[in-house]
Amino acid sequence: MTVRDDRTARTAGVVSRTVAALIDLAVVGGLLGLLYIGLVLTKLALNPGSFRFPALELVFTGLVGFVVAVLYLGGCWSVSGRTAGAAVMGLQVLGRHSDLLKPPAAFLRGAACVVFPLGLAWVALDQHRRSLQDNVFGSRVVYVHPC
Amino acid sequence: MTLVNAPLPPLPERPPPAPSVLVDVYRACEALPVVGSLFTRGKREAQALLSLIVAAVLDELDLTAIVRDRLPAEAIETVIARIDLVALADEVINGVDLPAIIRGSTNSVTAEVMTDVRTQGERADDAVSGFVDRVLGRRQGSHDRP
């Protein structure tokens with residue numbers, strides 16, 4: 001995907017970004033569900049006689065969810081700058097020089113967003129519509145859809 | 001695929017128009033050097049008037065009522081019985097590219113919905129930013145700068 005060479009693109013606000021984040025949350029939930037189904041089918045194939053549904057441990061599930069979310073967010077941002085939610089809402093995450101985020105910055109930003117999602121609320125208060133994660137990693141979220 | 005169970009008899013060929021002395025004389029008059037154009041114009045006017053009359057007559061005709069009243073029901077039923085309606089329906093359905101129609105309409109509806117959702121989101125962003133700017137006493141629109 002090409003990055004818009006437009007440094008004057010409008011920065012997205014808190015509503016669009018929150019909706020995009022909720023869509024991404026649903027996508028990550030779907031990915032976790034698929035992983036769970038894969039685990040169930042694997043256990044059923046290996047031990048069909050003594051099969052029981054695997055219990056959901058809070059720590060393990062949280063850890064897997066964290067890893068999946070960081071891989072999903074960081075991978076999407078470093079490859080195209082757009083997650084599924086961003087694509088729906090017409091947004092793109094750009095770096096300091098209006099280019100795509102480098103993979104390390106993208107994955108660290110993803111981890112920061114998962115650990116502290118309330119940082120998104122700073123978009124509503126910041127003069128330049130930047131979240132706490134944007135201020136730390138020098139990123140911007142812009143509108144890329146034609147209006 | 002045959003749509004009719006029994007073959008219909010071929011239509012008789014239309015006979016060529018009979019030679020008419022009046023038509024030949026009129027054509028000869030059209031070829032005259034000075035008054036020929038008047039004959040040609042008169043023919044055009046007559047054709048236009050005739051077209052209007054025929055159109056008015058056709059508008060007054062109720063072909064459905066004529067068929068219903070003049071044709072015996074048995075003849076209509078015989079004609080309908082000779083038509084393979086299933087084959088006719090199959091041919092019509094095969095001629096319609098239904099997947100392309102559904103695909104095209106779905107794509108356009110989806111694009112409209114996506115554009116609407118994005119536009120509404122952007123307006124909501126501006127509304128929230130404007131409210132916060134007013135509360136904090138900031139100059140509005142400053143967030144548009146990258």
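Predicted model: local features only at pLDDT ≥ 70, side-chain atom pairs only at ≥ 80, totals over all residues.
1. A residue is buried here if 20 or more other C-beta atoms lie within 10 Å of its own. A:Arg129 has 27 other C-beta atoms within 10 Å, and is therefore buried. A:Arg129 lies in the loop between α5 and α6 (132–137) of chain A. Its phi is near 55°, a positive value in a residue other than glycine. Most residues other than glycine have a negative phi.

2. A:Ser98 belongs to the loop between β1 and α4 of chain A. With 17 other C-beta atoms within 10 Å, A:Ser98 is partly exposed, whereas A:Arg129 is buried.

3. A:Asp99 is also placed in the loop between β1 and α4 of chain A. Here the count is 11 other C-beta atoms within 10 Å, so A:Asp99 is exposed. Between A:Asp99 and A:Ser78 there are 9.8 Å in space, C-alpha to C-alpha, and the two are 21 residues apart in sequence.

4. On the overall make-up of the chains: chain A holds 6 helices and 2 strands, and from the N terminus its elements run α-α-α-β-α-α-α-β. Chain B has 6 helices and 0 strands, in the order α-α-α-α-α-α. Of the 147 residues in chain A, 33% are buried; for the 146 residues of chain B the figure is 4%. In chain A, taking contacts between residues at least 6 apart in sequence, 74% join residues at least 24 apart.

5. The largest nonpolar core has 21 residues, and the members that touch the most others are A:Leu73, A:Trp77, A:Leu91, A:Val93 and A:Val142. At least two residues of this core come from each of α1 (14–46), α2 (58–79), α3 (84–89), β1 (91–94), α4 (103–115) and β2 (140–143) of chain A. The most, 5 residues, is given by α2(A). Beyond its neighbours within four places in sequence, A:Leu73 is in contact with A:Asp24, A:Thr83, A:Gly110 and A:Cys113.

6. Helix α1(A) has 33 residues, and the distance from its first C-alpha to its last is 47 Å, close to the 48 Å expected at 1.5 Å a residue. Its buried residues are A:Val14, A:Val15, A:Ser16, A:Arg17, A:Thr18, A:Ala20, A:Asp24 and A:Val28. The cover over these buried residues includes α2, α3, β1, α5 (122–125) and β2 of chain A, together with α6 (98–136) of chain B.

7. Helix α6(B) has 39 residues, which should span 57 Å at 1.5 Å a residue; its end C-alpha atoms are 57 Å apart, so the two values agree. The residues buried in α6(B) are B:Arg118, B:Gly121, B:Glu122, B:Asp125 and B:Ser129. They pack against α1, α3 and β2 of chain A. After α6(B) comes B:Gly137, which has a positive phi near 70°.

8. How do α1(A) and α6(B) cross? Their axes come within 6 Å, at an angle of roughly 130°. Angles over 145 degrees count as roughly antiparallel and 65 to 115 as roughly perpendicular; α1(A) and α6(B) are therefore oblique to each other. On the side of α1(A), the residues that meet α6(B) are A:Val14, A:Val15, A:Ser16 and A:Val19; their partners are B:Gly121, B:Glu122, B:Ala124, B:Asp125 and B:Val128. This contact of α1(A) with α6(B) divides into 5 nonpolar, 2 polar and 2 charged residues.

9. A helix pair within chain B can be set beside this one. Helix α1 (residues 21–30) and helix α2 (residues 36–60) of chain B pack with their axes 7 Å apart, at an angle of about 125°. α1(B) and α2(B) are therefore also oblique to each other. The contact is made by B:Tyr26, B:Cys29 and B:Glu30 of α1(B), and by B:Gly36, B:Phe39 and B:Thr40 of α2(B). By type, the residues of this contact of α1(B) with α2(B) are 3 nonpolar, 2 polar and 1 charged.

Definitions and conventions. Residues numbered from 1 in each chain as written. Chains lettered and ligands numbered in written order. Axes fitted to C-alpha atoms, helices over the stretch in contact; angles between N-to-C directions. Helix = DSSP H or I, 4+ residues; strand = E, 2+ residues; numbered from the N terminus. Parallel < 35°, antiparallel > 145°, perpendicular 65-115°, else oblique. Contact = placed C-beta atoms within 7 Å. Nonpolar A, V, L, I, M, F, W, Y, C, P; charged D, E, K, R; others polar. Core = buried A, V, L, I, M, F, W, Y, C linked by C-beta atoms within 7 Å. Buried ≥ 20, exposed ≤ 12 C-beta atoms within 10 Å, placed from the backbone. Expected span 1.5 Å × (residues − 1).
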